[in-house]
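Hi,

Here is the structure you were waiting for.

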Amino acid sequence: KTFNNYSDDLSILLDESRWDKIFNLNNISQGNRNCEFARIRLWLKDKGINSYEIYEMIKKMNLKIYSPLPDNEIQQICRIKI
């Protein structure tokens, strides 16, 4: 999978209604949630999005998947201390 089709327009990445398509959220299975969110975090960081904004995005993405991770795991993935 690649997110490169969306690399030029950050407004698309910030549009929550497009996340399912961009990040294939419905394909994130229980066994690979941490890895997928870590990959998304690194990609968003490379695009210049700040850590807190990434955390907020991934926290919302997590709620869209079949079996969401606990928030403390999302904090660890995003390397956020709250």
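Predicted model: local features only at pLDDT ≥ 70, side-chain atom pairs only at ≥ 80, totals over all residues.

Residues are numbered from 1 along each chain as its sequence is written, and side-chain values use heavy atoms, with hydrogens and water left out.

The core: the largest nonpolar core has 23 residues. By that I mean buried Ala, Val, Leu, Ile, Met, Phe, Trp, Tyr and Cys residues joined through side-chain atoms within 4.5 Å, with buried being under 20% relative accessible area, exposed over 50% and partly exposed in between (1.4 Å probe, protein chains only). Phe23, Phe37, Leu44, Ile58, Met61 and Ile74 have the most contacts inside it. Two or more residues each come from H1 (10-13), H2 (19-23), H3 (33-46), H4 (51-64) and H5 (71-78), and H4 gives the largest share, five residues. Helices here are DSSP runs (H or I, at least four residues; strands are E, at least two), numbered from the N terminus.

Phe37 is worth a click: leaving out residues up to four places away in sequence, Phe37 touches Ile28, Ile58, Met61, Asn62, Ile65, Leu69, Ile74 and Ile77. Contact means heavy atoms within 4.5 Å.

Now the helix pairs. Axes are lines fitted to C-alpha atoms, for helices over the stretch in contact, and angles run from 0 to 180 degrees between N-to-C directions.

- H3 and H5: the axes come within 9 Å and cross at roughly 40°, which makes H3 oblique to H5 (under 35 degrees is roughly parallel, over 145 roughly antiparallel, 65 to 115 roughly perpendicular, the rest oblique). Asn34, Phe37, Ala38 and Arg41 of H3 meet Glu73, Ile74, Ile77 and Cys78 of H5.
- H4 and H5: here the axes come within 10 Å and cross at roughly 140°, so this pair is oblique too. On the H4 side the contact uses Ile54, Tyr55, Ile58, Lys59 and Asn62, and on the H5 side Asp71, Ile74, Gln75 and Cys78.
- H3 and H4: these pack at about 145°, with axes 10 Å apart. Phe37, Ile40, Arg41, Leu44 and Lys45 of H3 make the contact with Ile54, Met57, Ile58, Met61 and Asn62 of H4.

Cheers
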